[in-house]
Amino acid sequence: MKCRICRAKAIISLPQHNLALCAEHFDAWMLKRVTKAIEEFGMFSKEDKILVAVSGGKDSLALWDILLRLGYDSSGLYINLGIKEGDYSDESERLTTAFANRANAELYVVNIEQLHGMSIPDKAYTKKRKTCSLCGVTKRYYMNKIARDMGFDVIATGHNLDDQAAALLGNMLFWKMDYLAKGAPYSPPMKAGEFAKAKPMVYCTEKEDTVYCLLRGIAYIERECPYSKGATSLRWKRALFEMEESSPGAKQAFYFGYVKNIDLFAGKDEKEDVPPLTCRVCGTPSWNEVCSFCSTWDLHVDEI
Ligand code: SF4
Ligand code: ZN
Ligand code: ZN
């Protein structure tokens, strides 16, 4: 297998693009894929301050590395969830910090246990809630808080094409109209002075992100979060993997066909407007008097 550009030995085959590339041309191709997403969806410019949500995994570290190489003003945010199994959270934090130090990039670290006296799994246990649902609320809150407090223009996450297509498949199977209205790779700020949300890795797959990190010598946490076992999204990913094997390009056609037609779902989501209230405890935009984060963590006015 030879690189289509220089005819040197190819290190990756990309059947969905009818392409094989050597290390050097694959690296350049990844930078182009991310640039394409940023420009096509008008995600941000070199003047914007970007907060990259990093988990220590391949997708978010690849994203941060690429944004830095492309010259974007990007800082990282790592949220330590306090997951002890296999030293998962602390190991992810070590890898993220090592990357930030090597890249000489700014990193914010939020430690949930230090802030709230309890880890995400322990809090979920005491509240009789699913760990992932409590985790989602908490991560969203801190991403938004840091972005707002520190004046970032955009929050960028490492969601790749596999993630986006799997989420779309799950939402379509059950016709979750509220989610179908907001599956685009870019969401503009809710109002002036707020931040946008962007997924610049949306043209890259998990396999491509893995190879990119290997080539760049980026050490990342290879294990999945222990709480992701049995997640329905993994089932949708497996189904899409099989479709892709027999029809290369199916995944990309599925997701980007949806993005092109996303307006079909506009207005079907009752909650797509700006939240009408501000949380009486923390003051962030909220659908209820007390936001889901403050009620989850049992916070009262004097604790904020
Ligand atoms: Fe959080 Fe669940 Fe994702 Fe683990 S799998 S990081 S607990 S949402
Ligand atoms: Zn080449
Ligand atoms: Zn609140």
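This briefing covers a zinc site and several salt bridges. The model is predicted, so local features need pLDDT of at least 70, side-chain atom pairs count only at pLDDT 80 or more, and totals for chains, interfaces and linings use all residues. Residues are numbered from 1 along each chain as written, chains are lettered from A and ligands numbered from 1 in the order written, and side-chain values use heavy atoms, leaving out hydrogens and water.

**Zinc site**
- Cys3 (SG), Cys6 (SG), Cys22 (SG) and His25 (ND1) coordinate the zinc ion (ligand 2) at 2.1 to 2.3 Å; donors are N, O and S atoms within 2.8 Å of the metal (3.2 Å for Na, K and Ca).
- The donor angles of 98 to 115° make this site tetrahedral (four donors with all angles between 85 and 135 degrees).
- Along the chain, the donors of the zinc ion (ligand 2) are spaced C-x2-C-x15-C-x2-H.
- Cys3 is buried at 0% relative accessible area, and Cys22 is buried at 6% (buried is under 20%, exposed over 50%, partly exposed in between, with a 1.4 Å probe and protein chains only).

**Salt bridges**
- The count comes to 15 salt bridges, each a side-chain nitrogen of Lys or Arg within 4 Å of a carboxyl oxygen of Asp or Glu.
- Lys58 and Asp59 pair at 3.6 Å, N to O; Lys58 is buried at 14%, as is Asp59 at 13%.
- Lys123 and Asp298 form a salt bridge, with their closest N and O atoms 2.9 Å apart; Lys123 is buried at 9%, whereas Asp298 is partly exposed at 35%.
- Asp87, Glu91 and Arg94 are joined in a salt-bridge network.

Technical notes
Tetrahedral: all angles 85-135°; square planar, octahedral: opposite > 155°, others 65-115°.
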